[in-house]
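This briefing covers side-chain contacts in one chain.

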Amino acid sequence: MFESAELKQEIGKADYTAAVPALREALLDAQLDLLAAKRFPVLVIIGGIEGAGKSETVQTLNEWMDPRHIHTHGFLLPTDEETQRPTMYRFWRALPPKGETGIFFGSWYSLPITSRGLGTTSDADLERSINEIRHLERMLHNEGVLILKFWLHISKSEQRKRLAAREKDFYARWRLTKTIRKLGQRYHEVRDTAERVLRETSTGEAPWTVVDGYDHRHRSLTVGKVLLERIRQRLDAPEPAPLVTAAPVSAHGGDVELIRSLDLSRRLERDAYKNDLQKYQTRFAR
């Protein structure tokens with residue numbers, strides 16, 4: 001899955017400078033149309049290998065779009081309050097309202113991938129987390145949320161070079177925590193875990209987009225273009241018809257009332273009722 005994201009794709013400075021103004025204008029237009037329509041919220045999930053440019057991507061999106069209508073949340077370890085509640089509680093209460101955009105820097109993917117990559121949880125724990133995530137994202141999709149998930153990727157050699165440069169930089173050294181050092185040492189374990197999670201959670205309602213994070217210009221344009229395409233596609237699509245909660249009543253004859261159209265002579269014999277009751281109770285219990 002990640003082979004194509006390790007090709008070190010680059011975009012020249014001149015091409016990047018020429019492409020950004022039109023992309024920013026289109027993103028702002030889409031954001032204003034989204035705000036005016038208030039038909040659905042947009043949720044952007046940013047994940048990836050350490051050093052691939054996650055925080056820079058979040059900053060770029062807030063720079064290119066109107067930050068007044070973007071809700072950015074960075075999730076680390078859950079607090080004492082959050083550990084006493086369901087796993088998804090802290091994410092659920094941070095979701096954006098209709099017409100606005102939420103960016104999750106760190107999400108319900110971060111802890112399962114990190115913990116399994118570091119070897120502190122089991123395969124069974126990871127599978128349980130994957131099932132919870134698929135259930136949550138399906139529910140969000142059914143509620144109308146447009147979910148975009150970006151995984152920023154770099155090779156092991158590139159990560160090693162970037163983490164070494166971060167350690168030498170006095171102003172960036174604080175970002176090199178003990179956990180990030182351990183994740184760098186277990187690159188292949190984290191990569192394999194991420195590949196498994198992405199394969200099992202890339203669905204029709206919430207697909208993943210894997211982005212080569214080697215070049216910051218290529219990374220920014222790719223994320224921006226996909227975000228624009230998905231928002232505009234959803235905005236330009238006709239609004240779905242409301243769900244039908246009851247079967248339509250067909251009346252043959254001008255002003256036949258609903259109650260008068262019912263067949264009140266229908267009956268179910270006691271023995272048939274008992275047999276059907278037992279059968280359907282058993283199926284319902286299962």
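Buried means under 20% relative accessible area, exposed means over 50%, and partly exposed is in between. D123 has a relative accessibility of 43%, so D123 counts as partly exposed. The model is predicted. The structure holds 18 salt bridges, and a search of the whole structure finds eight aromatic pairs.

**Salt bridge D123 to R196**
- D123 forms a salt bridge with R196, and their closest N and O atoms are 3.4 Å apart.
- The pair links distant parts of the chain, 73 residues apart.
- D123 belongs to helix α6 (residues 123-142), and R196 to helix α9 (residues 187-201).
- R196 has a relative accessible area of 27%, so R196 is partly exposed.

**Salt bridge E167 to R181**
- E167 and R181 meet through their side chains in a salt bridge, at 3.4 Å from N to O.
- E167 sits in helix α7 (residues 156-168) and R181 in helix α8 (residues 178-185).
- These distant parts of the chain are 14 residues apart.
- E167 is partly exposed because its relative accessibility is 38%.
- R181 is also partly exposed, at 36% relative accessibility.

**A salt-bridge network**
- Salt bridges with shared partners join R116, D123, E127, R196 and E200 into one network.

**Salt bridge E82 to R93**
- A salt bridge joins E82 and R93, with the closest N and O atoms 3.4 Å apart.
- E82 lies in helix α3 (residues 80-83).
- R93 lies in the loop between α4 (89-92) and β3 (101-105).
- The pair links distant parts of the chain, 11 residues apart.
- E82 is buried, since its relative accessible area is 13%.
- R93 is partly exposed, with a relative accessible area of 48%.

**Aromatic pairs**
- Eight aromatic pairs are found in the whole structure.
- In one of them, the F75 and F104 rings have centres 5.0 Å apart and planes at 75°, so the pair is edge-to-face.
- F75 is in the loop between β2 (70-74) and α3, while F104 is in strand β3.
- This pair links distant parts of the chain, 29 residues apart.
- F75 is buried, with a relative accessible area of 13%.
- F104 has 0% relative accessibility, so F104 counts as buried.
- F91 and W108 form an edge-to-face aromatic pair, 5.5 Å centre to centre with 90° between the planes.
- F91 lies in helix α4 and W108 in the loop between β3 and α5 (110-118), so the pair ties together parts 17 residues apart in sequence.
- Both F91 and W108 are buried.
- Ring pairs link F75, F91, F104 and W108 into a cluster.

**Charges over rings**
- R85 places its charged end over the ring of Y89, 5.1 Å from the ring centre.
- R234 lies over the face of F40, and the distance to the ring centre is 4.4 Å.

**P207 and its contacts**
- P207 is in the loop between α9 and β5 (208-212).
- P207 has 26% relative accessibility, so P207 counts as partly exposed.
- Leaving out residues up to four places away in sequence, P207 touches K149, S202 and R230.
- The C-alpha atoms of P207 and I147 are separated by 8.0 Å, and the two residues are 60 residues apart along the chain.

Key
Residues numbered from 1 in each chain as written. Predicted model: local features only at pLDDT ≥ 70, side-chain atom pairs only at ≥ 80, totals over all residues. Heavy atoms only, no water. Salt bridge = Lys/Arg side-chain N within 4 Å of Asp/Glu carboxyl O. Helix = DSSP H or I, 4+ residues; strand = E, 2+ residues; numbered from the N terminus. Buried < 20%, exposed > 50% of the residue type's maximum accessible area, 1.4 Å probe, protein only. Contact = heavy atoms within 4.5 Å. Phe/Tyr/Trp six-rings, centres within 6.5 Å; stacked < 30°, edge-to-face > 60°. Lys NZ or Arg CZ within 6 Å of the ring centre and 35° of its normal.
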